[in-house]
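Me: I've got a protein model open and I'd like to learn how to read it. Can we go through some features together?

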Amino acid sequence: MKKLVFTLLACLCFALHITARNGFAIVIDSTSYQKAQPEVEAYAQAIERCNGLKVYTIIDKWQVPDSIRATLRRMHEQKSEPIVGAVFIGDIPVAMIRDAQYMTSAFKMNQKNDRRESSVPSDRFYDDFKLQFVSQGKDEEKPYFYYSLTAQGSQKVDPDIYSGRIRPTDTPESSRYQKLKDYLTKAVREKDRQRTLGQLFFFSGHGYISESKTARMDEKIAYFEHFPSLAGRTNRIGYMDHSDHYPVKENLMNELTRTDLDLAILHHHGDFDMEYLNGTEPIRTVREAKDYIIRNMRIHVNEAREKGRNYDSLRVELEKLFDVPSTWLGDNPTSDSLRIADSTMMANEDLHIEDFKAFGYRPNVPVVVIDACFCGSFHRDDCMANEYIFQPGSTVAVVANTVNVLQDKWYDRFIGLTAQGGCVGDVARFSGLLESHVIGNPTFRFAPVSGSVDVEDLLIQNKVSSWKKLLKSSLPDVQSLAIDRLTKDGQLSSADLLDIYRNSPYGIVRLEALMALADLHDDNFITAVSEASQDTYELAQRQAIRFIAKSGDVRLIPALIKLAISNNTSDRCNFNVMTALSVFPKDSLLAEFDRQFDSPSVQYLDKSDVRTKIRNTIAHSADRLSKEVDKVVTGKASEKDKNFTIRALRNNIVHYQIPELLTYLQNCNDENTQCMLLEALGWHTLSCHAGDIAATALKMSKEEALPESVRQEALKTYSRIHAN
């Protein structure tokens with residue numbers, strides 16, 4: 001193997017392999033390379049063999065993120081064999097991003113908290129070269145480097161290359177280096193198998209997206225659009241709901257150990273060390289109801305005991321509160337046997353890191369998507385995604401998140417391209433989020449099914465003529481990718497996108513057109529949102545309702561009220577309707593409600609009673625946020641309440657109050673308040689008052705009398721809105 005060693009910004013060493021069309025970078029620390037050199041070289045050769053990429057092995061000797069980033073950027077921009085992706089193996093430093101929470105789907109922690117917890121671990125530092133950062137130092141104990149996003153670079157996530165993380169850590173059973181060697185051997189084996197994507201499975205956990213049955217029904221239909229080759233008489237798409245079994249854990253594990261399963265998508269809540277699967281066991285009989293009450297009381301008593309509180313007095317309080325006899329709890333509710341039984345029952349409701357060892361759990365599905373919070377927290381000593389890939393089974397790539405995520409996020413964008421020969425790295429790349437990562441091999445791809453296009457070549461060539469032809473592709477995900485590329489190149493107008501939305505038979509294509517229209521957010525966007533609020537594809541409908549709340553345009557009130565008075569709005573859509581009601585003027589909502597509901601076409605068994613209930617709900621929802629904002633702008637809120645209200649504006653904002661907030665922003669003369677409010681206003685890039693926010697922010701960014709921190713925050717807010 002030919003090697004070329006030279007020094008760049010961080011004394012990085014490159015090993016160049018055989019000639020190929022484009023490049024890929026393996027970034028690895030020197031010790032890991034030393035310990036696993038044969039496996040690393042075999043992995044590099046497999047990428048060259050199966051992906052047709054020239055592999056550069058970068059041995060990081062200085063552990064400086066800036067140097068690695070600069071090197072990757074140079075390699076991506078070089079004319080000959082530029083890199084299109086990278087993987088970070090071993091102890092590569094972790095970039096902890098600050099002042100960029102609006103680039104996540106849901107993360108909104110106060111940055112005054114411990115910076116380990118209030119920063120976002122993200123490899124967007126390494127793969128999105130348009131972002132600009134300023135260093136805020138290194139962690140005293142962890143391999144964390146803190147960076148603040150500046151106003152000078154891009155304010156949107158749009159990675160230039162795809163990336164992945166392979167970061168084994170030491171365990172009592174194995175050293176990190178042995179785990180790395182075993183994983184790379186597995187990665188090569190699975191890459192050489194060249195299996196096609198023939199079996200898919202998805203799972204829904206307790207409490208996720210309001211447990212909407214409509215969402216899951218439509219999700220299965222959408223998978224047939226993502227993966228047309230799975231259609232036919234043979235069942236190739238399996239589904240399991242948490243309510244199918246109690247506990248569901250072993251059934252789920254059994255499903256993921258199938259050797260014929262290719263892709264698993266798991267929807268549930270989670271943490272770095274746990275996947276939340278079941279809720280409380282369904283109660284079907286009187287005896288089960290009694291057992292539940294006893295167990296619930298017993299758990300409370302034991303918690304009081306563990307905290308050193310008087311648990312006997314709590315027992316008496318609970319018996320009085322629930323009106324149950326003292327005999328129900330028995331003589332010794334804190335006995336070891338009962339505590340162990342209760343603890344075991346609760347543990348069986350979820351999948352824990354420890355379960356991989358305890359059950360001998362060896363997932364065999366090559367690619368797993370974990371649509372949950374924190375399960376991809378690769379910066380920790382261990383996380384759920386790591387457990388999947390470092391087992392002896394066949395799992396080589398997990399798409400997961402480093403922090404908490406929005407339940408309504410667009411989790412499956414372009415996922416069908418994985419069956420067209422597209423690599424898993426692009427699934428995370430096109431998510432447009434700081435937190436979404438591939439844990440494992442980002443170059444893994446399934447062998448293309450019949451009739452596929454060369455996705456990787458299309459992305460590399462990026463020719464307008466090719467994308468225009470593919471707008472008529474028989475593959476919906478390819479159509480969607482063409483829409484994305486052409487919109488970014490300014491080749492599709494909002495009128496074009498509206499036409500695509502109105503005429504496409506595919507839900508996922510309509511959703512792509514709707515999302516592309518959001519980037520343009522003109523009158524055609526408002527029209528599309530109004531129409532999409534009744535879309536037959538639940539995810540498109542759900543996103544349209546979220547856009548109604550994000551826009552606040554009064555032209556969307558009729559569509560919102562139509563949803564509010566519907567007798568059969570799906571659970572998650574109804575949840576988002578309640579949110580949207582809170583951002584519009586109450587009088588306008590009620591007037592439209594009266595107009596629609598009093599129409600003879602609206603039928604209910606007890607229409608008068610239903611009318612009162614819905615009208616009261618609308619009135620209450622509309623007042624919920626505006627009163628707190630009034631207290632802030634009139635100076636009636638305490639400092640604590642003011643700060644809380646301003647931070648809450650990042651989630652939802654009463655759009656018609658934005659002019660008042662902008663006046664308050666300019667006149668409050670408080671640096672901290674101005675920074676917080678500017679940051680919160682910058683979340684609302686789709687607001688009908690976004691232009692006013694941008695104009696005010698730009699003006700403030702140029703006012704030399706203002707503190708530098710305010711001017712920089714104003715510039716970031718302007719850039720975020722102006723770029724959208």
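Me: Is isoleucine 283 buried, partly exposed or exposed?

Reply: One thing first: this is a predicted model. Now, burial is judged from relative accessible area, where under 20% is buried, over 50% is exposed, and anything in between is partly exposed. Isoleucine 283 has a relative accessible area of 43%, so it counts as partly exposed. You'll find isoleucine 283 in the loop between β14 (274–276) and α9 (286–306).

Me: Which residues does isoleucine 283 touch, leaving aside its neighbours within four places in sequence?

Reply: Isoleucine 283 is in contact with Glu288, Ala289 and Tyr292.

Me: How far apart in space are threonine 214 and serine 570?

Reply: Go from C-alpha to C-alpha and you get 6.1 Å, although 356 residues separate threonine 214 and serine 570 in sequence. Threonine 214 touches Ser570 and also Glu538, not counting residues up to four places away in sequence. Threonine 214 belongs to helix α7 (residues 213–226), and its relative accessible area of 33% makes it partly exposed.

Me: Is serine 377 buried or exposed?

Reply: Serine 377 is buried, because its relative accessible area is 0%. Look for it in the loop between β16 (367–371) and α13 (384–389). Its side chain reaches the backbone oxygen of phenylalanine 374 at 2.6 Å. Not counting residues up to four places away in sequence, serine 377 touches Phe272, Asp382, Cys383, Asn401 and Thr402.

Me: Phe272 has a ring. Which charged end sits over the ring of phenylalanine 272?

Reply: That's arginine 380, with its charged end 4.3 Å from the centre of the ring.

Me: What about two rings together? How many aromatic pairs does a search of the whole structure find?

Reply: The idea is that a pair of aromatic rings is described by the distance of the centres and the angle of the planes. The search of the whole structure finds 17 aromatic pairs. Take phenylalanine 125 and tyrosine 147: their ring centres are 4.3 Å apart and their planes are at 35°, so this pair is tilted. The pair links distant parts of the chain, 22 residues apart, with phenylalanine 125 in helix α5 (residues 124–127) and tyrosine 147 in strand β8 (residues 144–149). Phenylalanine 125 is buried, at a relative accessible area of 2%, and tyrosine 147 counts as buried at 1%.

Me: What kind of aromatic pair do phenylalanine 414 and phenylalanine 430 form?

Reply: They form an edge-to-face pair, with 85° between the planes and 5.2 Å centre to centre. Phenylalanine 414 lies in the loop between β17 (397–401) and α14 (425–429), and phenylalanine 430 in the loop between α14 and β18 (436–440), so the pair ties together parts that are 16 residues apart in sequence. Both phenylalanine 414 and phenylalanine 430 are buried.

Me: Which residues form one aromatic cluster?

Reply: Look for Phe88, Phe125, Tyr126, Phe133 and Tyr147, which form one cluster.

Me: Now helices. At what angle do helix α17 and helix α19 pack?

Reply: Two packed helices are described by the angle between their axes and the distance between the axes. Helix α17 (residues 476–488) and helix α19 (residues 507–520) pack at about 10°, with their axes 9 Å apart. That's why α17 and α19 are called roughly parallel to each other. Among the residues making the contact are Ile483 and Thr487 of α17 and Val509 and Ala516 of α19.

Me: Last topic: the backbone. Which peptide bond is cis, with omega near -10°?

Reply: Most residues other than glycine have a negative phi, and most peptide bonds are trans. The cis bond runs from tyrosine 246 to proline 247, and proline 247 is in the loop between β11 (237–241) and α8 (249–256).

Me: And what is phi of glutamine 63?

Reply: Phi of glutamine 63 is near 60°, a positive value in a residue other than glycine. Glutamine 63 sits in the loop between β3 (53–60) and α3 (65–77). Glutamate 81 also has a positive phi, near 50°, and is found in the loop between α3 and β4 (83–89). Glutamine 63 counts as partly exposed at 28% relative accessibility, whereas glutamate 81 counts as buried at 13%.

Terms used. Residues numbered from 1 in each chain as written. Predicted model: local features only at pLDDT ≥ 70, side-chain atom pairs only at ≥ 80, totals over all residues. Heavy atoms only, no water. Helix = DSSP H or I, 4+ residues; strand = E, 2+ residues; numbered from the N terminus. Buried < 20%, exposed > 50% of the residue type's maximum accessible area, 1.4 Å probe, protein only. Contact = heavy atoms within 4.5 Å. Polar contact = N/O pair within 3.5 Å; in protein donor to acceptor, adjacent residues only side chain to side chain. Phe/Tyr/Trp six-rings, centres within 6.5 Å; stacked < 30°, edge-to-face > 60°. Lys NZ or Arg CZ within 6 Å of the ring centre and 35° of its normal. Axes fitted to C-alpha atoms, helices over the stretch in contact; angles between N-to-C directions. Parallel < 35°, antiparallel > 145°, perpendicular 65-115°, else oblique.
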